[in-house]
Amino acid sequence: MGCCYVVISIFLCLSLAPWYLTFVDSTYVGGKPQKNGKNTTISRYIPLFFAQRNKFADDMNTTISHYAMWHTELGKVYGLRAEMSIWGSPNQEYSQDSGAAIQIYCSDGGKYSLIEAGYHVSPSLYHNRDVRFFTYSTKDTKSAGCYNLECAGFVPASGAALRPGQAVAPQSTYGEADRYIRLSLNKDPNSGDWKLYRHDLEAPSFLGHFPSQLCPGTLRIQALTGFVNYLRNTHGPPMGSDHFPDDEDDKKCAYFKHIKIYDAKGHAWDPITTHMISLVDKADCYNETDFTVEINKGYIFYYGGPSGCNG
């Protein structure tokens, strides 16, 4: 589907329903980029088409990145909360990366920095195919940036219920089980830091923060994004459930749901009047549904696609 503005319908009724919890095992791996068998390091995707209509790539132009996202307009925005389904990728190749994230693009003097948190499968980063929680930050969209705790970026909370690089389990099973994690990333009205919480436990759990200097300026774009990265001259990994989001079924399609927008005071609201923009860069490989509202699911969209993408 093309890029377009969608005025979200007014949400009148949302009732509660029980959901599966996503549990977390005790394994922690900090995560530093590693070389693959071809002596090539897979680069972090930068799916930013907002300021310029071209794709930022690594210096050697060796990485292809695709994504399916809904994002806000450039403006004074303060964060997002969403429930994201957890999908594994057991057959993913070493040089492939696939996942989903809450992203904040921060505009300062015409340049963008990026902070984000989510989950991914990245064998080149962790030397296995576990689904892992990750954080990432970069001072500008042309820099390599930092995963997890490999540099002075994200600051984890003491005793956090989830740490960057930690494996996440169980995962969704196609047609059988829906597993998810609910995260929020928003600007603290007092400190100016960007605080990350987990909301699918008995009580909200503070995971840590991105210092305010990592997101300078007052104008930002925030996005909910499914992504894949892979080396040029190879094929792409699955995004989400390894299926297109045609069924709109929580047990068959990857999703972001119960989506909330934060205001300047740190309060979360339904995005009733928020203009959301669809951005899919290769719809024949990966796609997404409309950004809409459903009873028991709140504001929601589905996304994903199978492995095998070329180009």
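These notes go from the whole chain to single residues.

**Ground rules.** I worked on a predicted model, where local features need pLDDT of at least 70, side-chain atom pairs count only at pLDDT 80 or more, and totals for chains, interfaces and linings use all residues. Numbering starts from 1 along each chain as its sequence is written, and side-chain values use heavy atoms, with hydrogens and water left out.

**Whole chain.** I found one helix and 20 strands in the protein chain; helices (H or I, at least four residues) and strands (E, at least two) are DSSP runs, numbered from the N terminus. Of its 311 residues, 54% count as buried. Buried means under 20% relative accessible area, exposed over 50% and partly exposed in between (1.4 Å probe, protein chains only). Of the contacts with a separation of 6 or more, 73% are between residues 24 or more positions apart; a contact is heavy atoms within 4.5 Å.

**Backbone.** I noted that most residues other than glycine have a negative phi, and most peptide bonds are trans. Ala169 and Pro170 are joined by a cis peptide bond, with omega about -5°. Pro170 sits in the loop between β10 (166-168) and β11 (180-187). Asn148 has a positive phi, near 55°. I placed Asn148 in the loop between β8 (146-147) and β9 (155-156), and Asn148 is buried at 2% relative accessibility. Asn296 also has a positive phi, about 75°. Asn296 lies in the loop between β19 (292-294) and β20 (298-304) and is partly exposed at 26%.

**Salt bridges.** I counted 10 salt bridges, taking a side-chain nitrogen of Lys or Arg within 4 Å of a carboxyl oxygen of Asp or Glu. Lys195 pairs with Asp188, the closest N and O atoms being 3.4 Å apart. Lys195 is partly exposed at 25%, whereas Asp188 is buried at 13%. Arg198 pairs with Asp200 at 3.0 Å, and both residues are buried. Lys297 and Asp250 meet at 3.3 Å, N to O. Lys297 is in the loop between β19 and β20 and Asp250 in the loop between β14 and β15, so this pair ties together parts 47 residues apart in sequence. I checked burial: Lys297 is buried at 17% and Asp250 is buried at 9%. Through shared partners, salt bridges join Glu83, Arg182, Asp250, Lys257, Glu294 and Lys297 into one network.
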